[in-house]
Amino acid sequence: MRSVEVTAPSVDEAVSIGLIRLGGVGHRHVKVEVLEDPAEPGSAAGSATAGRQARVRLTLTMEKGLAAQRFLSRVALLYGCRETSVLVVREPERIVLQLKGRDAGELIGFHGQTLDALQLLTNTVATRASGDRTPLVIDAVQYRERRTGNLRRVAQRAAEEAVRTGRRVELPPMPAAERRVVHLALEGDGRVRTHSEGEEPHRFVVVEPVEEAAAAARSDSPGKSGGGRRSRRRHHAGGDAARRGAATGS
Amino acid sequence: MRETLRQLLEHLVESLVEHPEQVRIREEADPDEKVVRFRVRLAPEDVGQLIGRQGRIIQAVRTVVRSAAGRVGLRAEVDVEE
């Protein structure tokens, strides 16, 4: 949790300085510990050095959703979004921040990149301000909701193709949260198995028919060493798969 | 426009470090007038925190600032002095 220690001539002054250093928060959002108080005789006994100073420690104890909202509202403003507001929805296991309004869509970015970056930063800032590790999700004009629907359809199509062709299907690279949606979407489909390959940020999901593994084991034939014999297919879902993996021998 | 970008970067960086009062952001000249180049200086003990594990935090800061710059036809670069 974020805290600061301040030294000043009096306790009041030290607290005021501390509140500013913590980003201009109000008194009710911090816990104050007085470490040394010059007005109190006998404290820090013996340190009768001229001009004793007050020393306080301020620790942020802001509610996580509120800390996130404060941070994100200012980002939206400086980003140039007009008439955009941040709505906090507190669910049992997560906090959702919804960006609403005229320019909110501009915070999504290419393939949700900007939104993901904002989510990481807001999580970092708000966790430090609150000490609360509840996951925090940022959405703008229902982008994540829509994207989840799309990903499920992409996963379904990939599964159909894998079963039909008997071959593995590679999906385009996507962030961890989106790969998770794909894994979960196909979890109950006994015909295929999924896993991820590659390094971040180019990690991608592979959908394999269950038969393939079985068939490969049965016909323990040449081609086993190379691995290049097995044709790999790429499934164009979002369209950005094109540059990936020159090694897969197109 | 550049001033707003600087303020955006300042807000992000100051929110992420332990010593916001020591954050200094300087804009460097670039031959290309469409490029805004920011240099961030902070308390030495805050450098690691701003960069984050595998550079994830500073990358996210760059993504947000670049995307804001893109909206107004600029390109932004952010460097942290170590």
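**View 1. The interface between chain B and chain A.** In this predicted model, 22 residues of chain B are in contact with 22 residues of chain A. The size of an interface is often expressed as the accessible area lost when the parts come together. Here the two chains bury about 1,900 Å² between them, and carbon and sulfur atoms account for 62% of that area.

**View 2. Polar contacts and the makeup of the chain B side.** Between chain B and chain A, 11 residue pairs are in polar contact, with both residues at pLDDT 80 or more. On chain B, helix H1 (2–16) and helix H3 (56–71) each supply at least two residues of the side that touches chain A. H3(B) provides the largest share of that side, with 9 residues. By residue class, the side of chain B that touches chain A comprises 10 nonpolar, 7 polar and 5 charged residues.

**View 3. A salt bridge across the interface.** Side chains of opposite charge can pair when their charged atoms come close. The interface of chain B and chain A contains 2 salt bridges. Over all chains, the structure holds 26 salt bridges.

**View 4. The three-stranded sheet of chain A.** In chain A, 3 strands form an open, antiparallel sheet in the order E1-E3-E2. Strand E1 (3–8) and strand E2 (30–36) of chain A stand at the edges, and because each has a single partner strand, one side of each lacks a neighbour in the sheet. From one strand to the next, the twist averages 20 degrees.

**View 5. Pairing of E1(A) with E3(A), and the helix on the sheet.** E1(A) pairs with strand E3 (residues 54–60) of chain A in the antiparallel sense, over 6 bridges. Within this part of the sheet, A:Ala8 stands opposite A:Ala54 of E3(A). Helix H1 (residues 11–21) of chain A packs on the sheet and touches E1, E2 and E3 of chain A. The direction of this helix makes about 140 degrees with that of E1(A).

**View 6. The mixed sheet of chain B.** Chain B has an open sheet of 3 strands in the order E1-E2-E3, and its pairing is mixed. At the edges stand E1 and strand E3 (75–80) of chain B, each with a single partner strand, so one side of each is left without a neighbour in the sheet. The twist from one strand to the next averages 25 degrees. H1(B) lies across E1, E2 and E3 of chain B and runs at about 30 degrees to E2(B).

**View 7. The hairpin of chain B.** A hairpin of chain B connects E1(B) to E2(B) through 6 residues. Strand E1 (residues 24–28) and strand E2 (residues 35–41) of chain B are paired in the antiparallel sense over 5 bridges. B:Ile25 stands opposite B:Val40 in E2(B), while B:Glu27 has B:Phe38 of E2(B) as its bridge partner. In a regular strand, side chains alternate between the two faces of the sheet.

View 8. B:Glu3 and B:Arg6 form a salt bridge, with the closest N and O atoms 3.3 Å apart. Because B:Glu3 and B:Arg6 are 3 residues apart in helix H1 of chain B, about one helical turn separates them.

Methods. Residues are numbered from 1 along each chain as its sequence is written. Chains are lettered from A and ligands numbered from 1 in the order in which they are written. This is a predicted model: local features need pLDDT of at least 70, side-chain atom pairs count only at pLDDT 80 or more; totals for chains, interfaces and linings use all residues. Side-chain values use heavy atoms; hydrogens and water are left out. Contact means heavy atoms within 4.5 Å. Buried area is the accessible area (1.4 Å probe) that two parts lose on being put together, summed over both. A salt bridge is a side-chain nitrogen of Lys or Arg within 4 Å of a carboxyl oxygen of Asp or Glu. A polar contact is a pair of N or O atoms within 3.5 Å; within protein, one must be able to donate a hydrogen and the other to accept it, and residues adjacent in sequence count only if both atoms are side-chain atoms. Helices (H or I, at least four residues) and strands (E, at least two) are DSSP runs, numbered from the N terminus. Ala, Val, Leu, Ile, Met, Phe, Trp, Tyr, Cys and Pro count as nonpolar, Asp, Glu, Lys and Arg as charged, and the others, Gly among them, as polar. Two strands pair if DSSP finds at least two bridges between them. Axes are lines fitted to C-alpha atoms, for helices over the stretch in contact, and angles run from 0 to 180 degrees between N-to-C directions.
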